[in-house]
Amino acid sequence: MSETSDEFEHRRYDFTSVNKADYDYVGSDSEEDFSKYLLDRMRQLESRNNLLKEQCDQIESEKRFVESQKLKYEREVRRLQAEIDRLKTVPLVVATIMDVISEEKVLVRSSTGPQFMVNVSQYLNEDSLVPGVKVALNQQTLAIVEVIPTTEDPDVSAMEVLESQDVNYEDIGGLEPQIQELIESVELPLTKPESFERIGITPPKGVLLYGEPGTGKTMLAKAVAHRTDATFIRVVGSELIQKYIGDGAKLVREMFDMARKKSPSIVFIDELDAIASRRLNDTNGADREVQRTLMQLLAEMDGFDNRGDIRIIAATNRLDVLDPAILRPGRFDRIVNVPMPDAEARENIFRIHTRFMSVADDIDYKKLAKLTESASGADLNAIAMEAGMLAVRFDKDSVSMAEFLESVQKVMSKTENKKEVLPEGMFI
Ligand SMILES: Nc1ncnc2c1ncn2[C@@H]1O[C@H](COP(=O)(O)OP(=O)(O)OP(=O)(O)O)[C@@H](O)[C@H]1O
């Protein structure tokens, strides 16, 4: 029940104006009656105070709901932006590998019919290039630039299922404590379960990685999958909700079935907040759908054995909006912060992303790290790529510091702009 501000002002005035003289004015003279009057007044104010507390709780809870809605729309904007960027890129030609002639030369049949002998990008894992695999070719040079992942079950297309990974711990700059944490809570339970049995402790079922976008959370999960030779099953929370309306819970069930079938496996749930945000009781249809998906996830997590060979890693940018149920013991009982890189980590990340580039001797990595204080790992990768593109544009033999400085300016101004439009503490 709400009260207008005029009514409230009036009550306030009522209270502050109570004194003996006023009471005399209303016609009584007894001290006892005056005390009784004050007692009544105090009770009234207490009950009003309780009412206001309830209203405050209600507003708090509405605020949380609005925050999670805001997050949802921001994610939608980001998704649409990525979609626009994707639509602007030049299309790739799809082809199937017919024969592997050498490490660099492969015979393919394009989807339009003709066969070509093509080159292979050095960044591709050569083990994944086998006859029958679908690949994407650059439209002009016809070089293989991407291996198209195949999912075991075409119905389960919401998930990315990768049998082998090419990310190593060495590819990750900084994050040593986080890597150590994942070794203990995910790698060792898969590779040395007997050590845990001997000591008599049960490893955590799930590990939750949280931190700003582009700080390497997905890389960490992929690197653990690589080290353990586990199947990597990735699902994105927001896609589960937006693309598979009505099927979110079913997909969660299928994902765990797939994880059991292909074990050892690592289930990676990206953007966990999209399915596990705290919400109000009177939810609408869409929110009930999210709730069902979350319930299924909790049921699956509760239903499997800690000592088994399935591990769950989830990632979120917003730890604060998560439903506390998800963080209860036996679910995500390890929470790992993945921070933005410090100067040393930034220097390392630059070195990692320029490893295979032809760079000039004048590159001052320390200076680059200093100039990119608010950059994430993904921004640093973008800077290195952009510098490489500049060198190609100017037909240079190697990338020099001048290209790096120009690309730092370009990428950092974009990053700063993005941060300016977001309120404090909110990252998408
Ligand atoms: N610590 C790092 N070391 C090396 N490269 C990094 C690091 N962090 C991010 N990157 C680069 O940024 C890219 C994106 O990183 P990743 O997808 O792991 O971030 P994320 O934290 O999962 O982001 P999001 O929250 O947006 O999903 C990586 O492919 C990599 O090129």
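1. Let's start at the ligand: one of its oxygen atoms is 2.8 Å from an N or O atom in the side chain of lysine 217, a polar contact in the sense of a pair of N or O atoms within 3.5 Å. The protein covers 82% of the 630 Å² of accessible area that the ligand has on its own (Shrake-Rupley method, 1.4 Å probe).

2. A word on the basis of these values. This is a predicted model, in which local features need pLDDT of at least 70 and side-chain atom pairs count only at pLDDT 80 or more, while totals for chains, interfaces and linings use all residues. Residues are numbered from 1 along each chain as its sequence is written, and side-chain values use heavy atoms, with hydrogens and water left out.

3. The backbone takes part too. A polar backbone atom of threonine 215 is 3.1 Å from a ligand oxygen, and for glycine 216 a polar backbone atom is likewise 3.1 Å from an oxygen atom of the ligand.

4. Who else is around? The ligand is surrounded by 19 residues, each with a heavy atom within 4 Å of it. Among the closest are Gly173, Gly214 and His353. Helices α6 (217-228), α10 (343-354) and α12 (377-393) each give two or more residues to this shell; helices here are DSSP runs (H or I, at least four residues), numbered from the N terminus.

5. Glutamate 347 counts as buried because its relative accessibility is 14%, under the 20% limit. Beyond its neighbours within four places in sequence, glutamate 347 is in contact with Tyr365, Lys366 and Ala369 (heavy atoms within 4.5 Å).

Note on methods
A polar contact is a pair of N or O atoms within 3.5 Å; within protein, one must be able to donate a hydrogen and the other to accept it, and residues adjacent in sequence count only if both atoms are side-chain atoms. Buried means under 20% relative accessible area, exposed over 50%, partly exposed in between (1.4 Å probe, protein chains only).
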